[in-house]
Amino acid sequence: MVQFTDVFKEYENGVKALKGVSFNVRDGEFVFLVGPSGSGKSTIIKLITGEIAPTDGQVIVNDFDLNRMRLSRLPYLRRSLGIIFQDYRLIENKTVYDNVAYAMQVVGASNKEIRRRVAYVLQLVGLDSRTRRYPRELAGGEQQRVAIARALVNNPRMIIADEPTGNLDPAKSLELMMLLEKINEMGTTMLIVTHEKELVNRFAKRVIAIDGGRVISDGMDGYYNYEA
Amino acid sequence: MKRNRMGYFLREGIHSIFSHGFMSFASVFVIVACLLIMGCFVLLTLNVNSVISELESENQMVAFVDERYSESDAQALRGRVQNVPNVESVVFVSQTEAMANFVQQYGDSPLLNELEPSILRHRYVIYLKDIARMAETASAVKDIEGIADVHYHVEIAKGFAAVRSVVTVVSIALVLVLFVISLFIMSNTIRLTTVARREEIAVMRMVGATNSFIRQPFLVEGLILGILGALIAFVLQWGIYSFVVSRISTDGVISFIEPIPFSAVAIPILLIFLVVSVLVGVFGSLSAIKNYLKV
């Protein structure tokens with residue numbers, strides 16, 4: 001669950017990235033966050049993951065009130081989120097299996113639990129035959145599926161994907177989006193930042209459009225009518 | 001679960017040492033180099049101190065007993081001389097013994113044979129605990145009733161004391177400077193390995209690792225590299241020192257010096273090396289990753 005209430009963000013260099021943004025994402029929803037570069041999408045993601053704090057307004061993510069949260073609670077907020085990046089951010093010297101298992105070791109899961117859960121999510125994203133490979137041995141779409149498996153492995157309440165298809169061709173992008181939709185149907189909230197109009201329109205989900213630091217439309221019609 | 005985590009930190013630390021092989025090698029090399037220089041100065045100081053102590057122990061003063069005292073009266077003064085502060089030990093030398101020494105020292109000439117022992121006085125040869133306080137000890141001995149005069153060489157005493165304190169101060173200063181330098185170099189070396197792992201640390205933070213969890217493998221790595229460096233430096237130090245000692249004992253000019261055997265200082269040197277390198281490894285890695293642990 002994400003709740004933005006009249007959120008302002010001004011960076012130290014004077015850039016006003018958000019100018020009064022309010023929206024709600026309820027548990028179990030599938031939401032596209034769209035808008036051109038520099039519109040404030042990345043700022044919203046950084047606020048949700050606790051990388052930056054709002055200048056004004058209230059941000060609540062999975063019951064963590066980011067205005068009042070102590071810094072030491074930040075790791076626990078992040079454990080309730082699965083985060084996926086455009087550039088995958090896999091650890092190059094770890095195998096596919098270890099990249100995913102790592103996220104569970106970090107939260108102190110037992111070895112038995114790790115073996116069971118990692119095998120399950122790798123099968124879910126269709127990489128069960130690639131567990132011993134290193135990221136550089138995989139194609140872009142496969143690397144992104146490792147990142148999805150890693151985001152999913154701790155059973156987070158919500159997955160945030162920042163331009164997950166940015167480096168993929170249209171066929172792979174569609175495939176990936178269908179995987180994310182399947183994960184959403186299993187109960188995980190999905191917030192996907194993208195500017196790929198065709199993909200957004202094809203899935204017909206809720207679309208929140210941002211421009212100039214403001215929400216310019218928020219509708220269930222699934223239509224991305226903004227010119228990027 | 002705790003044991004599971006310890007295993008994880010150890011595995012990660014060791015894995016990281018091998019996967020950043022060159023940087024690990026560089027870190028160990030830096031530690032070994034600094035420890036060796038440090039060790040050489042520590043050993044030099046120990047040896048200079050030991051040589052000076054040797055020389056000092058041969059430096060004595062002589063207290064002459066009033067010539068009106070008989071031998072037994074003179075001997076009765078021993079307790080009072082012994083009780084003077086800073087006196088390590090005293091040896092009583094009677095007139096007769098003094099004459100025998102004198103004759104032995106200056107040869108068996110007919111001239112000496114005619115001398116009566118009574119022209120010499122009974123005396124005490126006094127060895128001191130601290131040679132720097134020779135003058136005050138001498139005057140305290142002189143104040144004892146029955147002691148007529150005290151002979152000593154204050155300049156020599158002062159010279160030894162000065163050499164010893166200069167060598168000690170210079171060595172302590174050098175060791176401290178080297179410690180700071182090696183801490184600095186170690187920290188920078190580990191910082192280079194963390195620059196390479198900036199992405200990895202960012203990923204760890206993104207999946208919800210706590211700061212202490214992120215730190216542990218780096219600590220383990222610093223610790224292992226430190227201990228490895230200490231052990232290598234110890235073995236090299238042993239070899240270098242033994243080589244130098246063997247050269248000294250075969251050199252004609254300075255073979256009078258008796259170096260401390262390495263076995264006598266091996267344990268302290270090993271402990272110093274371990275403590276220094278563990279400190280350097282731990283603080284080096286902590287200071288190196290500090291910057292990456294902000295939000």
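Predicted model: local features only at pLDDT ≥ 70, side-chain atom pairs only at ≥ 80, totals over all residues.
Helices, taken as H or I, are DSSP runs of at least four residues and are numbered from the N terminus; in that sense, A135(B) is found in helix α7 of chain B, which covers residues 134–142. Chain A has an open sheet of 4 strands with antiparallel pairing and an open sheet of 6 strands with mixed pairing, whereas chain B has 11 helices and 4 strands.

**The antiparallel sheet of chain A**

- The strands of this open sheet follow the order β2-β1-β4-β5 in chain A. Since β2 (16–25) and β5 (64–65) of chain A stand at the edges with a single partner strand each, one side of each is left without a neighbour in the sheet.
- Helix α1 of chain A, residues 41–48, packs on this sheet and touches β1 (2–10), β2 and β4 of chain A, while its direction makes about 115 degrees with that of β1(A).
- Between β1(A) and β2(A) the pairing is antiparallel and runs over 7 bridges, and V2(A) stands opposite V25(A) in β2(A).
- The strands β1(A) and β2(A) also form a hairpin, with 5 residues between them, and in the turn G14(A) has a positive phi of about 95 degrees.
- On the β4 side, 5 bridges join β1(A) to β4(A), the two running antiparallel, and F8(A) stands opposite D56(A) in β4(A).
- Strand β4 of chain A (residues 56–61) is in turn joined by 2 bridges to β5(A), again in the antiparallel sense, with D65(A) in β5(A) as the bridge partner of I60(A).

- V21(A) has its place in strand β2 of chain A. With 24 other C-beta atoms within 10 Å, V21(A) is buried, because the cut-off for that class is 20 or more.
- Leaving aside residues up to four places away in sequence, V21(A) touches F4(A), V7(A), I44(A), R214(A) and V215(A).
- V21(A) and I210(A) are 189 residues apart in sequence, yet their C-alpha atoms are 8.9 Å apart in space.

**The mixed sheet of chain A**

- The order of the 6 strands in this open sheet is β6-β7-β8-β3-β9-β10 of chain A. Here β6 (81–85) and β10 (214–219) of chain A stand at the edges, and each has a single partner strand, so one side of each is left without a neighbour in the sheet.
- Direction ignored, neighbouring strands of this sheet are turned by 15 degrees against each other on average.
- Strand β3 (residues 30–34) and strand β9 (residues 206–211) of chain A pair in the parallel sense over 4 bridges, and the bridge partner of F32(A) in β9(A) is V207(A).
- Helix α6 of chain A, residues 170–185, packs on the sheet and touches β3, β7 and β8 (189–194) of chain A, its direction making about 155 degrees with that of β8(A).
- Helix α5 of chain A, residues 140–152, lies across β6 and β7 (158–162) of chain A and runs at about 165 degrees to β6(A).

**Chain B and its helix pair**

- Of the 295 residues in chain B, buried residues make up 28%. Among contacts in chain B with a separation of 6 or more, 85% are accounted for by residues 24 or more positions apart.
- Helix α2 (residues 21–57) and helix α10 (residues 211–250) of chain B pack at an angle of about 45 degrees, their axes being 8 Å apart, which makes α2(B) oblique to α10(B).
- The crossing in which α2(B) passes α10(B) is right-handed.
- Residues of α2(B) including V28(B), L35(B) and G39(B) meet residues of α10(B), among them L225(B), G229(B) and L236(B). By class, this contact of α2(B) with α10(B) has 13 nonpolar, 6 polar and no charged residues.
- A135(B) counts as partly exposed, with 14 C-beta neighbours inside 10 Å. The C-alpha atoms of A135(B) and V154(B) are separated by 6.6 Å, with the two residues 19 apart along the chain.

**Where chain B touches chain A**

- In the contact between the chains, 16 residues of chain B meet 20 residues of chain A.
- On the side of chain B that touches chain A, α1 (2–19) and α9 (198–206) of chain B each supply at least two residues, and α9(B) gives the most, with 5 residues.
- By class, that side of chain B has 9 nonpolar, 4 polar and 3 charged residues.

Note on methods. Residues numbered from 1 in each chain as written. Chains lettered and ligands numbered in written order. Pairing = 2+ DSSP bridges. Contact = placed C-beta atoms within 7 Å. Axes fitted to C-alpha atoms, helices over the stretch in contact; angles between N-to-C directions. Nonpolar A, V, L, I, M, F, W, Y, C, P; charged D, E, K, R; others polar. Parallel < 35°, antiparallel > 145°, perpendicular 65-115°, else oblique. Left-handed = near helix turned anticlockwise from the far one by under 90°. Buried ≥ 20, exposed ≤ 12 C-beta atoms within 10 Å, placed from the backbone.
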